[in-house]
Amino acid sequence: MDDVTRQIITRRRFLQLTAVSAVAVACGPSAGGSSSPSSGGSAPAGGSAPAGGSGGAPSGGAVTGTINVSYPDEAGLKPKYVEQAAAALKAQFSGADVKIDLQKVGDDDFYTKLLLALDSGTGPDVFHVGGSSIGELADASYIEPLDNYISQWADWSQYPDSVRSGVTYKGSVWAIPYGLDMRWLYYRKDDLQKAGLPADWQPANVQGILDAATAVKNANEANVLPYALYAGPAGSSGTADHAFVPLLWAYGGELQDSSGKWIGDSPATKKVMAYYQKAYNGLSPKEILTSTKPWTAMREKLGNGQLALLFEGGWVYGGWASANKAATEQNIGYVLHPTESGGPSFTIGGPGTCWYISSKSANKQGAWEFIKAMNTAEIVGKLNAEDPHPVARKDAADVAEFKASKYNVDATAALEKAKFVPPDPGYSKVIEAIQKATARVAAGELGPDDAAKRYTDDLTQALGADKVTSQ
């Protein structure tokens with residue numbers, strides 16, 4: 001069992017555990033002294049927190065005591081800003097202290113550990129994980145709704161409606177983002193030119209990606225992979241967000257229908273599976289199916305010219321630019337994802353990594369003050385200049401360091417054409433079904449039609465027949 005598969009199983013176990021806890025909360029007494037995850041006024045599991053329903057309403061008074069902050073950072077870009085925010089908070093409130101728990105681990109590892117801590121009631125006051133977890137964390141009553149806090153925070157007006165909606169679930173805001181997610185179809189200008197394609201290459205449609213990869217393959221460039229398409233459990237969430245989902249949307253499909261049911265077998269799903277079959281017929285390396293964290297190798301290969309095409313997060317550009325800014329600007333191009341007919345092209349947006357308050361925090365007001373200090377226009381602008389993401393708050397785009405980068409400006413503009421994955425807690429199970437389906441096609445076990453049907457079966461088994469449909 002590889003590390004990613006083990007993480008998925010562990011994550012599933014904790015989500016099952018939260019479901020059990022949720023039932024206990026729903027069935028138990030609502031005494032004020034309850035030690036359940038819903039104490040502190042957060043939404044009961046499966047329910048909706050009323051607007052402004054936070055039990056930790058802002059006091060407006062002095063903040064005292066310790067605020068425990070926990071976050072992961074392998075790249076090392078955030079610590080100085082976290083320290084800066086902590087210092088600002090302590091300067092403002094002399095009776096407050098901030099205890100920082102920096103974990104130099106990946107997001108998946110951190111999230112697994114966080115779930116354990118939250119379930120046991122020993123989690124931090126404020127923490128930092130992906131916005132895609134909002135639904136499941138809220139339904140498990142692990143996080144505090146922020147409606148009362150933002151209602152008294154003037155800076156909330158700097159967050160566009162699209163950003164607000166990205167962190168809203170069942171009518172409440174649950175997290176504060178700082179850098180937004182978006183993705184590009186990256187390509188190596190030098191590799192494509194050697195294959196007879198222009199440096200300003202733009203795919204005419206989805207098939208154009210495979211055509212370019214085929215041209216690179218036929219050029220027989222030494223040590224150059226034509227294309228990397230994530231598939232299977234080893235690809236983790238990238239199998240969905242950086243491969244299956246953009247292809248599904250490109251072919252006119254959707255993840256859910258208008259009633260909220262997850263769509264399994266459909267004409268678009270079959271086309272995605274057929275695309276996978278073509279990609280894994282000599283264009284995309286099958287090592288992606290078995291390698292641990294294959295994205296690490298694929299990102300590195302595109303950065304050094306050993307991979308021609310890759311749809312990946314906008315944030316990875318920063319790593320290439322940090323290593324060699326001039327070579328990155330010269331050799332790495334980026335375009336929006338094409339559709340079956342060519343346009344309008346799009347990107348996949350998301351709230352990125354966000355700051356949350358634990359529903360069990362004993363110092364919710366202090367946690368909120370830290371979040372405010374961490375999300376000033378200056379910090380948001382400078383942090384996203386170093387770790388390239390579009391900024392969550394509009395005024396941060398005016399920070400000199402941020403607007404000095406053409407890439408940052410381009411990435412921010414790309415969000416005007418973004419589609420967003422719904423913050424449904426069932427999405428984690430959908431990702432697992434996507435991983436199984438893509439692995440079957442990539443490994444040659446099933447053809448496109450059969451894989452699409454099995455995808456429906458997996459969704460039904462994971463989510464229930466009442467939550468799945470075919471088209």
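Here are some questions and answers on charged and aromatic side chains in this predicted model.

Q: Does aspartate 265 count as buried or exposed?
A: The relative accessibility of aspartate 265 is 10%. Buried means under 20%. Aspartate 265 therefore counts as buried.

Q: Which side chain is joined to that of aspartate 265 by a polar contact of 2.6 Å?
A: Leaving aside neighbours within four places in sequence, aspartate 265 is in contact with residues including Ala452, Thr456, Ser470 and Lys270. The polar contact of 2.6 Å joins the side chain of aspartate 265 to that of lysine 270.

Q: How many residues apart are lysine 271 and glutamate 340?
A: These two form a salt bridge, with the closest N and O atoms 3.0 Å apart. The pair links distant parts of the chain, with lysine 271 in helix α10 and glutamate 340 in the loop between β10 (332-335) and β11 (347-349). They are 69 residues apart.

Q: Why does glutamate 340 count as partly exposed?
A: Partly exposed covers values between the buried limit of 20% and the exposed limit of 50%. Its partner lysine 271 counts as partly exposed at 35% relative accessibility. Glutamate 340 is partly exposed because its relative accessible area is 37%.

Q: How far apart are the closest N and O atoms of aspartate 97 and lysine 90?
A: Aspartate 97 counts as partly exposed at 36% relative accessibility, and lysine 90 is partly exposed with a relative accessible area of 36%. A salt bridge needs the nitrogen within 4 Å of the carboxyl oxygen. Aspartate 97 and lysine 90 form one, with the closest atoms at 3.9 Å.

Q: Which residues are linked in a network of salt bridges?
A: The structure holds 17 salt bridges. The network links Asp155, Arg393 and Asp395.

Q: Which lysine lies over the face of tryptophan 249?
A: A charge over a ring must be within 6 Å of the ring centre. Here the distance from the ring centre of tryptophan 249 is 4.8 Å, and the residue is lysine 419.

Conventions
Residues numbered from 1 in each chain as written. Predicted model: local features only at pLDDT ≥ 70, side-chain atom pairs only at ≥ 80, totals over all residues. Heavy atoms only, no water. Lys NZ or Arg CZ within 6 Å of the ring centre and 35° of its normal. Buried < 20%, exposed > 50% of the residue type's maximum accessible area, 1.4 Å probe, protein only. Polar contact = N/O pair within 3.5 Å; in protein donor to acceptor, adjacent residues only side chain to side chain. Contact = heavy atoms within 4.5 Å. Salt bridge = Lys/Arg side-chain N within 4 Å of Asp/Glu carboxyl O. Helix = DSSP H or I, 4+ residues; strand = E, 2+ residues; numbered from the N terminus.
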